[in-house]
Amino acid sequence: MEDKILIKKMKNIYIIPVLILSAFYSLYSQTAIEIIEKADNKLRGSSSYSEVEITIVRPKWEKKMILKNWSIGSNFSTTLVTSPPKEKGTVFLKRNNEIWNYLPSLERTVKFPPSMMTQSWMGTDFTTDDLVKQSSTVTDYSHKILAEENIENLPCWKLELIPKEEATVVWGKLVIWVDKKDYMQLRTEFYDEDEELVNLMIGSDIKTFGNKKLPSKLEFIPLENEGQKTVIDYNVWKFNIVIPENYFKTQYISRLK
Amino acid sequence: MKSILFYFIFLFSITLVFSQQTKGEKLKEIITISGYVKYLKTYSYNEGNFIGDNLIHNRIKLKADFSPELSTVFEMRNRIFYGDITSNAFKFGEFLDKDAGQVDLSFNTLNTTPMVFNTIFDRAYLRYAAEKYQLTLGRQRINWGVNLAWSPNDLFNAYSLLDFDYQERAGVDALRFQYFTGDLSSIDLSIQPGKDLNQSIIGFLWKFNKWERDFQILAGNYYNDYVFGYGSEGTLFDKFGFKREVSYFIPKNRNRKSVTSMSTSIDYFFKNGIYINTSVLYNTNSENKNLQSDDLFQSIIGSISVKNLMPSKLSYFFQVSGPFNPALNGSLSAFYIKGIETLVIAPTITYELEQNWEIMLLTQSAYGKIGDDSKNIGAASFYFRLMRSF
């Protein structure tokens with residue numbers, strides 16, 4: 001009887017460090033996904049509205065666009081182009097897995113083929129997917145903390161995101177730097193399927209929107225082409241606001257302004 | 001008599017604008033003005049003849065929002081033509097002055113031999129847009145098409161893709177009532193009235209979304225026919241865009257034959273930004289009659305209707321387009337009109353000079369059996385266009 005108890009105790013003794021270790025590991029991996037989740041939630045809120053200026057920069061050429069964005073969670077997003085005049089009134093609507101494009105000159109709403117997601121969005125250096133956030137950095141990737149590094153004097157986690165097999169994502173790998181205090185994504189490296197670094201996103205000009213500290217300037221830099229980049233400046237950014245449901249309906253998007 | 005509707009809308013709008021306007025500031029909030037100015041230079045080659053034409057083309061869109069629900073839109077198309085086409089015997093000015101709608105909103109300010117100045121209002125409507133429904137009265141575009149190249153469901157505004165300089169397309173004088181039954185579903189009743197039923201279009205369209213696809217079903221009166229149609233927009237193998245449209249016209253007069261017009265298209269974006277769209281049109285109405293050389297493009301652009309989108313039973317379309325860089329875009333469109341064995345090719349280059357300025361170079365050429373004696377000939381038009389948007 002005593003032997004049995006002893007054996008049990010012995011077992012417990014062995015179990016404890018294993019438990020601690022596994023708890024430590026799970027805590028560690030959970031932290032990676034938690035960090036991404038927190039950073040992602042911070043950007044989205046339950047809903048958000050933003051006004052942004054996009055500048056496409058080429059060595060001898062530049063184009064500016066002004067957009068309004070509305071989103072609810074990750075499933076509903078609407079983008080309205082308000083400038084330049086030629087593209088004014090163009091709308092991109094995303095509902096779950098479907099995307100529509102309203103073209104004011106044709107007065108018609110066109111459904112996009114899924115392959116549109118991987119395209120450069122209106123000549124910029126980011127994809128349609130980057131804009132409407134079809135794929136999710138939370139659910140479509142598995143996460144790992146690689147290191148802790150400083151960016152612009154802010155201590156950050158350096159995280160590696162590998163797409164899950166079943167996920168339809170554009171990239172082969174992402175490496176994201178998230179600052180430890182405010183969960184801001186300050187730098188993202190985009191790798192292609194051959195694990196080659198192709199794009200870089202840098203967040204800067206940290207401002208407070210509502211009660212959130214966020215980089216107000218995002219630069220998308222394709223590394224293979226020198227002198228090229230696309231800059232996004234957030235002029236207005238509001239979170240957890242009430243957005244009329246209509247804004248995410250195909251029949252309504254032509255009325256947005 | 002016919003102009004009454006137009007004047008009613010116009011006067012009502014003006015009255016509303018001024019009744020709302022207490023200060024200049026307020027007017028600024030109500031009215032938005034946009035548009036463009038284009039200069040188009042054309043050289044056409046046909047059976048050994050070269051002709052050159054010029055077109056200064058201005059579009060002004062004026063929208064007044066009286067309240068979140070009530071708005072009015074007027075769109076004006078001003079065109080000044082000068083060159084060979086206005087210099088020859090053909091009465092071009094009179095041709096332009098003819099308004100295809102119920103109301104005559106086309107005016108020639110100048111109609112001389114070398115120069116014609118024509119103005120047409122191709123949009124002039126009042127709209128009441130409530131939460132659940134929308135009512136539009138006046139000259140408007142009712143776009144029921146799904147496909148890019150050919151839209152057999154587009155009862156009110158049939159168009160040809162080759163008519164590249166008129167993206168907005170003509171409007172129709174109609175009454176349109178749309179009721180939104182769900183997030184992605186609606187019913188639409190549109191009426192283009194004529195003297196009697198045989199000169200009118202009355203269409204009913206039901207749109208809905210199921211299995212991540214958009215569907216539409218239509219029924220109506222199309223002049224001398226009854227029409228039933230179906231359209232869908234979805235995906236193929238979760239990769240390609242896949243669109244289908246079919247309309248079936250049953251003549252009221254049993255002596256005439258029924259007509260089926262059907263088009264299918266598949267489109268795809270490659271990772272490098274290249275977009276392809278390929279489409280087939282099957283149309284039982286066409287007689288496969290050879291095109292005449294003097295109206296080669298006109299027979300593909302000018303005389304089309306939703307019952308006769310191409311002058312052949314079977315037509316194929318292929319388009320490839322893509323950016324060389326954000327400023328420079330290229331595309332190549334090809335139509336193969338089977339039965340009359342004619343190939344139309346249209347390569348285009350557009351360049352955005354800077355904000356709001358664009359240059360376009362385009363060629364349209366046709367090769368095939370032309371005329372009653374099936375001569376193998378070619379014809380081509382070259383275009384240069386400069387455009388400023390505002």
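**Strand pairing in chain B and confidence in chain A**

In strand β10 of chain B, B:Arg213 is the bridge partner of B:Lys210. This pairing belongs to a predicted model, in which β9(B) and β10(B) form a hairpin with two residues between them. The points below follow these strands, then turn to chain B as a whole and to the confidence assigned to chain A.

**The strands around β9(B)**
- In the turn of the hairpin formed by β9(B) and β10(B), B:Trp211 has a positive phi of about 50 degrees.

**Chain B as a whole**
- The secondary structure of chain B consists of five helices and 19 strands, and 48% of its 390 residues are buried.
- Among the contacts in chain B with a separation of 6 or more, 53% are between residues 24 or more positions apart.
- Chain B has an accessible surface of about 18700 Å², and carbon and sulfur atoms account for 61% of that area.

**Confidence in chain A**
- The average pLDDT of chain A is 84, with 87% of the residues scoring at least 70.
- Residues 1-10 of chain A have a pLDDT below 50, and this stretch makes zero contacts in the model beyond near neighbours in sequence.
- Residues 23-29 of chain A likewise have a pLDDT below 50, with one contact in the model beyond near neighbours in sequence.

How values were computed
Residues numbered from 1 in each chain as written. Chains lettered and ligands numbered in written order. Predicted model: local features only at pLDDT ≥ 70, side-chain atom pairs only at ≥ 80, totals over all residues. Heavy atoms only, no water. pLDDT = per-residue confidence, 0-100. Contact = heavy atoms within 4.5 Å. Pairing = 2+ DSSP bridges. Helix = DSSP H or I, 4+ residues; strand = E, 2+ residues; numbered from the N terminus. Buried < 20%, exposed > 50% of the residue type's maximum accessible area, 1.4 Å probe, protein only. Areas by Shrake-Rupley, 256 points an atom, 1.4 Å probe, with all protein chains shown as cover.
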